[in-house]
Amino acid sequence: MKQYCRYCAFCFEGDCYYCSALNKPLGDEQIKRPNKCKEFAMLNDVITGREYKPREQKKPKQKTAELRELF
């Protein structure tokens, strides 16, 4: 599962977005990018308040049947 700062319990909004675990301000674009932060703790979205629902991974289309027809 991908993790984003905007869904982290340590991210909050004031004059700007701020990470209390890392003690640093975050930009608008930074909270929307996936990351691999060790301090990540899942919570609701900082911007909208909605719960995170990951997308289902797309299954690759099988082209082997089409290739067999060609040969």
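**Pockets, burial and ring pairs**

Analyst: The largest pocket holds about 290 Å³ of space. This is a predicted model, in which local features need pLDDT of at least 70 and side-chain atom pairs count only at pLDDT 80 or more, while totals for chains, interfaces and linings use all residues. Residues are numbered from 1 along each chain as its sequence is written, and side-chain values use heavy atoms, with hydrogens and water left out.

User: What makes a space a pocket, and what is a volume?

Analyst: On a 1 Å grid over the protein atoms alone, a pocket is an open set of points with protein on both sides within 12 Å along at least five of seven lines, whereas a cavity is a set where a 1.4 Å probe fits but cannot get out. Grid points are joined across faces, edges and corners, and the volume is the space filled by probe spheres set on the points. Lining residues have an atom within 4 Å of a point; for the largest pocket they include M1, Y4, R6, Y7 and Y52.

User: How do the residues of that lining divide by class?

Analyst: The lining of the largest pocket has 5 nonpolar, 1 polar and 5 charged residues. Ala, Val, Leu, Ile, Met, Phe, Trp, Tyr, Cys and Pro count as nonpolar, Asp, Glu, Lys and Arg as charged, and the others, Gly among them, as polar.

User: What is the volume of the second largest pocket, and which residues are closest to its centre?

Analyst: Its volume is about 150 Å³. Of the 16 residues that line the second largest pocket, C5, L22, L26, N35 and C37 are the closest to its centre. The lining divides into 11 nonpolar, 2 polar and 3 charged residues.

User: Why is D45 called buried?

Analyst: Buried means under 20% relative accessible area, exposed over 50%, and partly exposed in between (1.4 Å probe, protein chains only). D45 has 6% relative accessibility and therefore counts as buried. D45 lies in the loop between strand 5 and helix 1 (64–70).

User: Why is the pair of Y4 and Y7 called edge-to-face?

Analyst: The structure holds 2 aromatic pairs. Rings of Phe, Tyr and Trp (its six-membered ring) pair if their centres lie within 6.5 Å; planes under 30 degrees apart count as stacked, over 60 as edge-to-face and the rest as tilted. The ring centres of Y4 and Y7 are 6.1 Å apart with planes at 75°, so this pair is edge-to-face. Y4, at 17% relative accessibility, is buried, and Y7, at 13%, is buried as well.

User: What is the angle between the planes of F12 and Y18?

Analyst: The planes are at 55°, with 5.6 Å from centre to centre, and the pair is tilted. F12 has a relative accessible area of 41% and so is partly exposed; Y18, at 27%, is partly exposed.

Terms used:
Helix = DSSP H or I, 4+ residues; strand = E, 2+ residues; numbered from the N terminus.
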